[in-house]
Amino acid sequence: MKKTLFLNPPSFDGFDGGAGSRYQAKREITSFWYPTWLAQPAALVPGSKLVDAPPHGQTVEDVLQIAQDYELIIMHTSTPSLANDVKCAEAIKAKNPSVKIGFVGAHVAVLPEETLQQNPVIDFVCRNEFDYTCKELAEGKPWDEIKGISYRNQFSQIRHNEERPLIHDWDAMPSVLPVYARDLDISKYFIGYLQHPYISFYTGRGCPAKCTFCLWPQTIGGHLYRHKSPEAVGREMAEAKALFGDKVREYMFDDDTFTIDKHRAIAISEHMKKLKLTWSCNARANLDYDTLKQLRDNGLRLLLVGFESGNQDILNRIKKGIKLEVAREFMNNCHKLGITVHGTFIIGLPIETPQTVEETIRFACELSPHTIQVSIAAPYPGTELYEQAKANNWFTNQSLVADSGIQTSTLQYSTLSSAEIEDAVERMYRKFYFRPKAIIPIVREMLSDRQMLVRRLREGGEFFSYLKERRLTAQNSH
């Protein structure tokens, strides 16, 4: 077994490169998701180490000290962070020339030839689901026999091996939680709407929804939801309780749509109730009242819900599969049941206008989730949105993020410029949060919990700094 390092490299200050499909950028407040995509293969490779540099404040110099002892390094990258990650790889190779370095992530899965051609420092990239690919690489299997990799052979020629099938036996996949406990400091991970400390991980991959902007189902995970059985998840959560005790205040099931199989979600929630664990998950805005009630009664605290837009035509164009009236009923039920909701919205989807922006702002205020995230539509390579943008000439000359890590608009329409899209983000945040209906619940939350008081005061300062930085970024780019 080769000595293997799984690395999420240092990046922009506050940049969450492992944040999944929708928002690989600097956030409004300090936020870091767990590096589940690297932790899963790390759990399959005995003796490996996982380094998640951004939340731990580790610099390139820190990483170089660690990396010099390894034979194989597998780095997670994303479209916005690729150039930065390549620089880190070059620094590692300069110090340890014999090391083999490979990249994983949606960008290299979609553009393996281009990535290898443009970046000689990269020895291989993994396509599709790469967990067992990484395991075989660490075991020293000849590269020409490993499914799912693109690599340079001894003559520096690029070769693409046959595709690796998707993983269907998820009960056989080891838990990532012992890797977290061994290699990560859980106190370093913050998400504004989750209790601290929290832990997030997947119980399966794939999403049946066909949203045109969503990255992972279109590039790696696929549209078939493959998952662990409720019994396997129950055993995993019992292990989590043994590992972390009462230190973890909340567990987040980060599956793209955890609630798509209602009976499975309820069965898992029953295990959570037995273990007396608080939990949250991703959900679509169409869960019925009875299901919501059962989940709440079994320890559900919060749902992370993508509402995206307040305009039905835009929702239809992005194949969201949700009607506005259904989302309204869903939110009414959540309010009745006392389930907290963090709503996510996207500005700049096809084909945004000043009127549809205002509809989305009004819709968010009407639904009144506890907190919101406002993103700019990000056309990642490999998504239908990216192909639409190319076909319709919607692209600007801007990158997905500025040098500061702030998200910028790479799309523009005849009805709305990229500058107007960026301005709308700040306007939506201000209109949503500067309302008594939004402020009062947050103040109550602060008064009831000292930790939350300190945290919200810090986040408030970060939020206003973020808005100021976003304004400066927009001014400089336009």
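Guide: Happy to. Let's start with Lys-276, which is exposed, at a relative accessible area of 73%.

Visitor: Why is Lys-276 called exposed?

Guide: Exposed means over 50% relative accessible area, buried means under 20%, and partly exposed is in between, with a 1.4 Å probe and protein chains only. Lys-276 has 73%, so it counts as exposed. Before we go on, this is a predicted model: local features need pLDDT of at least 70, side-chain atom pairs count only at pLDDT 80 or more, and totals for chains, interfaces and linings use all residues. Residues are numbered from 1 along each chain as its sequence is written, and side-chain values use heavy atoms, with hydrogens and water left out.

Visitor: What makes the backbone of Lys-276 worth a mention?

Guide: Its phi is near 60 degrees, a positive value in a residue other than glycine. Lys-276 sits in the loop between α11 (262–275) and β12 (279–283). Helices (H or I, at least four residues) and strands (E, at least two) are DSSP runs, numbered from the N terminus.

Visitor: Which value makes Asn-393 exposed?

Guide: Asn-393 has a relative accessible area of 64%, so it is exposed. Its phi is also near 60 degrees, positive in a residue other than glycine, and Asn-393 belongs to the loop between α16 (384–392) and α17 (418–433).

Visitor: Which residues does Arg-328 touch?

Guide: Leaving out residues up to four places away in sequence, Arg-328 touches Phe-363, Glu-366 and Leu-367. A contact means heavy atoms within 4.5 Å.

Visitor: How do you know that the span of α14 agrees with what it should be?

Guide: The expected span of a helix is 1.5 Å times one less than its number of residues. The 14 residues of α14 should therefore span 20 Å, and its end C-alpha atoms are 20 Å apart, which agrees.

Visitor: Which residues of α14 are buried, and what do they pack against?

Guide: The buried ones are Leu-324, Ala-327, Phe-330, Met-331, Asn-333, Cys-334 and Leu-337. They pack against α12 (289–297), β13 (300–308), α13 (312–317), β14 and α15 (354–367). After α14 comes Gly-338, with a positive phi near 75 degrees.

Visitor: What makes something a pocket?

Guide: On a 1 Å grid over the protein atoms alone, a pocket is an open set of points with protein on both sides within 12 Å along at least five of seven lines, whereas a cavity is a set where a 1.4 Å probe fits but cannot get out. Lining residues have an atom within 4 Å of a point. The second largest pocket is lined by 15 residues, and those nearest its centre are His-335, Ile-339, Thr-340, His-370 and Pro-441. Elements giving two or more residues to this lining are α14 (324–337), β14 (340–347) and α18 (436–448). The largest share, four residues, comes from α18.
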